[in-house]
Amino acid sequence: MSNLQLRVISAVVLAVVTLSLTWLGGLPFRLLCAAMTILIFYEWTRMCRPVAATGLGYLPEALLLILVGALVAGLPASWLLLLVAVMVVVTAVVGSMRQTSMHQTGQWDASGLAYAGISGLSLALLRDGDHPGLVAILFLFAVVWATDISAYFVGRAVGGPKLAPSISPGKTQSGALGGAVGGVVAGLLLAAAAGAGNLAVLGVVAVVLSLVSQAGDLFESWVKRRHNRKDSGTLIPGHGGVMDRVDGLVAAAFALYVIGWISATADHPAQGLFPA
């Protein structure tokens, strides 16, 4: 089987599973977010740790399991956010207290906990279990996926100056612009189909999400380049790792969560953007 066939099959399977669990919401979707959180941190540590952890080095994993349990249990946003903050601080402090050769590893572990934890809770709290949550996640998917696809094809067709050649040589400025346009169009089409009335506001939100999504992609590329990795992992046939597939999505999810939090509440952010 060719690599292209593997990529197509993997993409279809992932899309079906993700959309099915998104539709169900509630516990099934929180379990998906929990699994994603674990896999992101696993790949992060595989890239950033120079040697395998031993003894106290497994503290970040233990803390992550506590967060995942709280996420699956459906604890309020205030508790989840506090838990992420505490475990990041504890990991950073413990890392700084350990021998000098492990200090940098501890800081990367702390960063990985923040990245993985915020990724999972942002998605879970956005979806919640109601209709606004479903629309919010589908809006997020539409913007991010259309941004990726549009950026790829526009970049290949138009070419031109590179966007960030020292981080990701393949990305172009034309692709970034094309991705933003595609993301906004897809997001507005989804919002209109869902009956949203605040399309002007959602258009601005879509622009922000598209740009943040592309920044998230570049951030993950920087982390991989910093640690001399081509892919974050090999868990997805033909695609690399989980982080390679969700880098832009989780960055945009956090941005949408913050926007929704400002518009409504930390526990029900989607209701501020897509009122029932």
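Is S122 buried or exposed? First, two notes on the model. The model is predicted, and local features need pLDDT of at least 70, side-chain atom pairs count only at pLDDT 80 or more, and totals for chains, interfaces and linings use all residues. Residues are numbered from 1 along each chain as its sequence is written, and side-chain values use heavy atoms, with hydrogens and water left out.

Now the answer. S122 has 0% relative accessibility, so S122 counts as buried. Buried means under 20% relative accessible area, exposed means over 50%, and partly exposed is in between, with a 1.4 Å probe and protein chains only. S122 is found in helix α5. Helices here are DSSP runs of H or I with at least four residues, strands are runs of E with at least two, and both are numbered from the N terminus. Leaving out residues up to four places away in sequence, S122 touches A253, F254 and Y257; contact means heavy atoms within 4.5 Å.

Another serine, S111, also lies in helix α5. S111 is partly exposed, with a relative accessible area of 38%.

Next, the core. A nonpolar core is a set of buried Ala, Val, Leu, Ile, Met, Phe, Trp, Tyr and Cys residues joined through side-chain atoms within 4.5 Å. The largest one has 63 residues, and those with the most contacts inside it are I40, L123, F139, L140, L209 and F274. Helix α5, residues 100–127, gives the most to this core, with 11 residues. As for L209, its contacts are F139, L140, V143, A252, A255 and L256, again not counting residues up to four places away in sequence.

Now the salt bridges. A salt bridge is a side-chain nitrogen of Lys or Arg within 4 Å of a carboxyl oxygen of Asp or Glu. The structure holds 3 of them. In one, K171 pairs with D217, the closest N and O atoms being 3.5 Å apart. This pair links distant parts of the chain, with K171 in strand β2 (residues 168–172) and D217 in helix α8 (residues 199–226), 46 residues apart. K171 is partly exposed at 24% relative accessible area, while D217 counts as buried at 17%.

E220, K224 and D244 are linked in a network of salt bridges. K224 and E220 have their closest N and O atoms 3.6 Å apart. They are 4 residues apart in helix α8, so about one helical turn separates them. K224 also meets D244, at 2.9 Å from N to O. D244 is in helix α9 (residues 242–263), 20 residues from K224. Which of these residues are buried? K224 is, at 11% relative accessibility; E220 is, at 2%; and D244 is, at 7%.

Last, the surface and the rings. L19, W145, I149, Y152 and F153 make a nonpolar surface patch of about 520 Å². Helix α6 (residues 131–158) gives the most to this patch, with 4 residues.

A search of the whole structure finds 10 aromatic pairs. The rings of Y152 and F153 have centres 5.1 Å apart and planes at 80 degrees, so this pair is edge-to-face. Rings of Phe, Tyr and Trp (its six-membered ring) pair if their centres lie within 6.5 Å; planes under 30 degrees apart count as stacked, over 60 as edge-to-face and the rest as tilted. Elsewhere, ring pairs link W44, W108, Y115, F219 and W222 into a cluster.

Methods
Patch = residues over 30% accessible without salt bridge, like charges linked within 9 Å, V, L, I, M, F, W, Y side chains within 5 Å. Areas by Shrake-Rupley, 256 points an atom, 1.4 Å probe, with all protein chains shown as cover.
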